Amino acid sequence: MDEVRSISADQFDPEALGPGAHRLRLVLPGPEGVSLPVLLITGHSPGKTLVVLAGVHGDEVEGIRALQEVFASLKPERLQGRFLAIPVANPPATRAGRRTSPQDDQNLARVFPGRREGTVTERIASILSETIIARADFLLDLHSGGIAYEFPFLVGYDGSDTEWGRASREAAFAFGAPVLWAHPTIPPGRSISEAARRHIPWLYVEAPGGGRITSAVLTFYTRGVRRLLAHLRILSGSVRPRPPRWHLLGEGDLDRAILSPTSGFFVPLVRVLDRVRPGQTLGVLRDSFGRTRASIEAPQDGRVVARRAFPIVAAGEPLVLLAHDA
Ligand SMILES: [Zn+2]
């Protein structure tokens, strides 16, 4: 049971492994020797496949632990279908504890569907797309604020008027988050944009971050994954949809956030989920003497969905992300 089998990523075939719990190491082609850990449980009866990714950004640690704990708690004889989890989707970035890969400085959540002959990050994206996401009936990608950002407990879903968009919305209500965020369109390069391209419904999760895993955060992830498994009928039991307290709308792109005009020490003057008016001061950037170097103002009204939490910032880094109420 504790054994780990190494196989070439091209030879991964969950059907051939049969029912049961499997720990696998998918070895990627290339000189760097990168491999992806797989936690696979194939149920004793057929059903859907839930694919779950964590650690796409290497400083977002909550989902990694949540997937290890969900895997340990699931019994193959109780499953109808498959739980296919990649707890560390970006091993070079996770080893470094960084959002991006130290090997090529790329952000894995910007390069999907990747390239087979590309950089390490592009090759990881390519294997995840063709070998893992391609097998999904549903994709869940576990993120968080990581070291530098703060989000509320949030689930983002596909708000498009499509079959997979409607399935994504239903699953978002089943997950049971206090904040839901509908994305009518999503920028390219994400795992979720790759799922949408394949007409696979998807969700992603955010949480406060900070580099420490509290029991409240861990429970949010593990309970949500189990509720989603039940919603997809992979686990038995009924799931009552939970209407969110906040329902947001808009593009969820941290790259489109309000960016820092200068380096400095950021002092936020708003909290996550605050409503802000155009021109409202969201925070200030100070120099080492405590003098204000720049004042950050809201360009439009909206609700704060993420803010910079780690105060030391460089010019061009995101400070505040605003969304609209749905
Ligand atoms: Zn992330």
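# Helix packing, domains and local backbone features

Reader: Where do the axes of helix H2 and helix H7 come within 9 Å, and at what angle do they cross?

Author: Helix H2 spans residues 62–73 and helix H7 spans residues 215–231; their axes come within 9 Å and cross at roughly 50 degrees. Axes here are lines fitted to C-alpha atoms, for helices over the stretch in contact, and angles run from 0 to 180 degrees between N-to-C directions. Helices (H or I, at least four residues) and strands (E, at least two) are DSSP runs, numbered from the N terminus.

Reader: What kind of model is this, and how are residues numbered?

Author: This is a predicted model, in which local features need pLDDT of at least 70, side-chain atom pairs count only at pLDDT 80 or more, and totals for chains, interfaces and linings use all residues. Residues are numbered from 1 along each chain as its sequence is written.

Reader: Back to the pair, then. Are H2 and H7 parallel or oblique?

Author: With that angle, H2 and H7 are therefore oblique to each other. Angles under 35 degrees count as roughly parallel, over 145 as roughly antiparallel, 65 to 115 as roughly perpendicular and the rest as oblique.

Reader: Which residues make the contact?

Author: On H2 the contact is made by Glu62, Gly63, Arg65, Ala66, Glu69 and Val70, and on H7 by Val217, Leu218, Tyr221, Thr222, Val225 and Arg226. Two residues are in contact if their C-beta atoms, placed from the backbone, lie within 7 Å.

Reader: Is the crossing of H2 and H7 left-handed or right-handed?

Author: The crossing of H2 and H7 is right-handed. A crossing is left-handed if the near helix is turned anticlockwise from the far one by less than a right angle, and right-handed if clockwise.

Reader: At what angle do H5 and H7 pack?

Author: Helix H5 (residues 163–175) packs with H7 at an angle of about 130 degrees, and their axes are 8 Å apart. That makes H5 oblique to H7. The crossing of H5 and H7 is right-handed. In this pair, Ala171, Ala174 and Phe175 of H5 meet Gly224, Arg227, Leu228 and His231 of H7.

Reader: Changing topic: how is the protein chain divided into domains?

Author: The chain is divided into domain 1 (4–249) and domain 2 (257–325), with bounds that come from an automatic or database domain assignment. The C-alpha centres of domain 1 and domain 2 lie 29 Å apart.

Reader: How many residues of each domain are in contact?

Author: Contacts involve 14 residues of domain 1 and twelve residues of domain 2. On the side of domain 1 that touches domain 2, strand E7 (149–150) and strand E11 (246–249) are the elements that give two or more residues. E11 gives the most to that side, with four residues.

Reader: Which residues touch the most other members of the largest nonpolar core?

Author: The largest nonpolar core has 96 residues, and Leu50, Val52, Leu139, Leu203 and Val305 touch the most other members. At least three residues come from each of domain 1 and domain 2. A nonpolar core is a set of buried Ala, Val, Leu, Ile, Met, Phe, Trp, Tyr and Cys residues joined through C-beta atoms within 7 Å. A residue is buried if 20 or more other C-beta atoms lie within 10 Å of its own, exposed if 12 or fewer, and partly exposed in between.

Reader: What does Leu139 touch?

Author: Leaving aside residues up to four places away in sequence, Leu139 touches Val51, Ile133, Ser191, Ile192, Ala195, Ile200 and Trp202.

Reader: Now the backbone. Which peptide bond is cis?

Author: The bond from Phe112 to Pro113 is cis, with omega near 5 degrees. Pro113 is in the loop between helix H3 (91–96) and helix H4 (120–132). The C-alpha atom of Pro113 is separated by 8.2 Å from that of Glu130, 17 residues apart along the chain. Glu130 is found in helix H4 and is partly exposed, with 17 other C-beta atoms within 10 Å.

Reader: What is phi of Arg233, and what is phi of Leu273?

Author: Phi of Arg233 is near 70 degrees, a positive value in a residue other than glycine. Arg233 is in the loop between H7 and E11 and counts as partly exposed, with 13 C-beta neighbours inside 10 Å. Phi of Leu273 is near 80 degrees, also positive in a residue other than glycine. Leu273 lies in the loop between strand E13 (264–268) and strand E14 (275–276). For context, most residues other than glycine have a negative phi, and most peptide bonds are trans.
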